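Please open the structure in your viewer and keep its sequence beside it. The tour below moves from one selection to the next and says what is there each time.

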Amino acid sequence: MAAAPLKVCIVGSGNWGSAVAKIIGNNVKKLQKFASTVKMWVFEETVNGRKLTDIINNDHENVKYLPGHKLPENVNIVAVGAGFCDGLRCGDNTKAAVIRLGLMEMIAFARIFCKGQVSTATFLESCGVADLITTCYGGRNRRVAEAFARTGKTIEELEKEMLNGQKLQGPQTSAEVYRILKQKGLLDKFPLFTAVYQICYESRPVQEMLSCLQSHPEHT
């Protein structure tokens, strides 16, 4: 029986703790004997009217103690899909379908491309489904994707208007994931991930997000 992966926790979120979190977070992804998630204990503070924990969890940056440096994250392509649904005014049931199918694609992607055993239980932790729900209802990927669906503006235009030129992680991650899936001939196995990329970058109509959900292979 294989030993359970070692878990790393960083106590403290100041300059040193945030810098170490950035390094360790990237390193554990490459080592099979470590769990892929690194937890960091944060002293709760309010920064510009927001809780520091919310900023780190949603924006993946410690803007007070390590500004300008992104912390490693489980970026959520899925949150962009949820934002498209909000822009189409589809309602909570449709968004719930996006979250469920998106989570299933996340698990499938990890099982194909991660070395070693991938436990479904990991995705039920706070770093998995809890973070997924949070970003799908309150993250900036969702917010900008909603505006994308309603206004017809490009992602780049909305980044300048809504984020002062900062770049979203979701669309960029979808491009990288799409490249990997296309290279491996697996696009048909991940229709939600594929649709998000094509809507963001290839002018696929955002309304086709709905047909993507309806014809998803998990339903057949």
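Which residue with a positive phi follows helix 9? Select Ser203: helix 9 is followed by this residue, whose phi is positive, near 60°. Before going on, note that this is a predicted model, in which local features need pLDDT of at least 70, side-chain atom pairs count only at pLDDT 80 or more, and totals for chains, interfaces and linings use all residues. Residues are numbered from 1 along each chain as its sequence is written, and side-chain values use heavy atoms, with hydrogens and water left out.

**Ser203 and helix 9**

Stay with Ser203, which lies in the loop between helix 9 and helix 10 (208-214), where helices (H or I, at least four residues) and strands (E, at least two) are DSSP runs numbered from the N terminus. The positive phi of Ser203 occurs in a residue other than glycine. Ser203 counts as exposed because its relative accessible area is 69%, given that exposed means over 50%, buried under 20% and partly exposed in between, with a 1.4 Å probe and protein chains only.

Now select helix 9 (191-201). Helix 9 is mostly covered, with 10 of its 11 residues buried, and among the buried ones are Pro191, Phe193, Tyr197 and Cys200.

**The second largest pocket**

Helix 6 (140-151), helix 7 (155-162) and helix 9 each supply at least two residues of the lining, and helix 9 gives the most, with 3 residues. By class, the lining has 7 nonpolar, 3 polar and 3 charged residues; Ala, Val, Leu, Ile, Met, Phe, Trp, Tyr, Cys and Pro count as nonpolar, Asp, Glu, Lys and Arg as charged, and the others, Gly among them, as polar.

**Glu146 in helix 6**

Next, select Glu146, which is found in helix 6. Is Glu146 buried or exposed? Glu146 is buried, because its relative accessible area is 17%. The side chain of Glu146 makes a polar contact with the side chain of Arg142 at 2.7 Å, a polar contact being a pair of N or O atoms within 3.5 Å, of which, within protein, one must be able to donate a hydrogen and the other to accept it, while residues adjacent in sequence count only if both atoms are side-chain atoms. An α-helix has 3.6 residues a turn, so residues three or four places apart point the same way. Leaving out residues up to four places away in sequence, Glu146 also touches Gly83, Phe84, Asp86 and Gly87, where contact means heavy atoms within 4.5 Å.

**Thr94 in helix 4**

Select Thr94, placed in helix 4 (residues 92-113). Its side chain reaches the backbone oxygen of Cys90 at 3.5 Å. Apart from its neighbours within four places in sequence, Thr94 is in contact with Cys85, Leu210 and Leu213.

Lys64 sits in the loop between helix 2 (52-59) and helix 3 (77-87), and counts as partly exposed because its relative accessibility is 43%. Not counting residues up to four places away in sequence, Lys64 touches Glu45 and Val47.

Asn48 lies in the loop between strand 3 (46-47) and strand 4 (50-51). Phi of Asn48 is near 50°, a positive value in a residue other than glycine, and Asn48 counts as exposed at 78% relative accessibility.

Trp41, in strand 2 (residues 34-41), is exposed, with a relative accessible area of 60%. Trp41 and Leu187 are 146 residues apart in sequence and 38 Å apart in space, C-alpha to C-alpha.

**The whole protein**

Finally, zoom out: the secondary structure comes to 10 helices and 4 strands. Along its principal axes the C-alpha trace spans about 50 × 45 × 30 Å, and buried residues make up 42% of the 220 residues.
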